[in-house]
Amino acid sequence: KNNTNDGTRTTHDALASLIDTLHGDDFASDIASRLDVDAFVRYLAMGFLVGNTDDFRFNFNNYYLYFNVYGVPAYMIPFDLDSSLGVGKHQDLSDNHGVYYDLFPATDAANALVANVLAIPAYRALYLDYLEEFTTLYFGFETFNAEYEVAKSLYEATLIAENHLGNQLFDLRNSEWYFTEKADQVLTKVAAARP
């Protein structure tokens, strides 16, 4: 997409440069000038924690790369998070709801950008740090449930009345189990992955 009002930008040099960097020999030294890697690693950590199976990492979609025209590195903007907490259209068919996934993608099925970034020791360590921080400080059922109750009070009647996409159910499903088990799994795997 083009963010100019008159649609005059016709080149995609920044995107082409990012793609070239991805496949270049100097990826480790060049990627930070092409992509906001810290924000990207934070995105990967939170996406993994909430178990979004329909994102850039697992299903190669539901994101924008924003390129600032003034030369700031690209920034990942996620959207469409309805397959989070192990439920949704792309639910894990093992019925484990994404809880037991490996912290790092298998190399034969990995998204190239994700695999290349996480192959750099400093970014791999940063990813582990963010997983631990987010799990410890922010990822708890009590916090989620409080927000859920607010959303339910605001939107349940409308959801039922409008039968949006056939959904008439505001339900926690297995959320408490998900938060508890996922947090335990992540912290155990992070500790095991540390050098």
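Visitor: What percentage of the residues in the protein chain is made up of buried residues?
Guide: Buried residues make up 33% of the 195 residues in the protein chain, where buried means under 20% relative accessible area, exposed means over 50% and partly exposed lies in between, with a 1.4 Å probe and protein chains only. This is a predicted model, in which local features need pLDDT of at least 70, side-chain atom pairs count only at pLDDT 80 or more, and totals for chains, interfaces and linings use all residues. Residues are numbered from 1 along each chain as its sequence is written, and side-chain values use heavy atoms, with hydrogens and water left out.

Visitor: How do you know what confidence the predictor has in the protein chain?
Guide: The pLDDT, which is the predictor's confidence in each residue from 0 to 100, averages 83 over the protein chain, and 79% of the residues score at least 70. Where pLDDT is low, the predicted coordinates should not be read in detail.

Visitor: Why is Asp-129 called partly exposed?
Guide: Asp-129 has a relative accessibility of 37%, and therefore counts as partly exposed. Arg-194, at 28%, counts as partly exposed as well, and so does Glu-132, at 36%.

Visitor: What makes the pair of Asp-129 and Arg-194 a salt bridge?
Guide: The term requires a side-chain nitrogen of Lys or Arg within 4 Å of a carboxyl oxygen of Asp or Glu, and the closest N and O atoms of Asp-129 and Arg-194 are 2.9 Å apart, so the pair qualifies. The pair links distant parts of the chain, with Asp-129 in helix 6 and Arg-194 in the segment after helix 8, 65 residues apart.

Visitor: What makes up the largest nonpolar core, and which residues have the most contacts inside it?
Guide: A nonpolar core is a set of buried Ala, Val, Leu, Ile, Met, Phe, Trp, Tyr and Cys residues joined through side-chain atoms within 4.5 Å; the largest has 37 residues, and Ile-31, Phe-40, Val-117 and Tyr-127 have the most contacts inside it. Helix 3 gives the most to this core, with 8 residues.

Methods
Helices (H or I, at least four residues) and strands (E, at least two) are DSSP runs, numbered from the N terminus.
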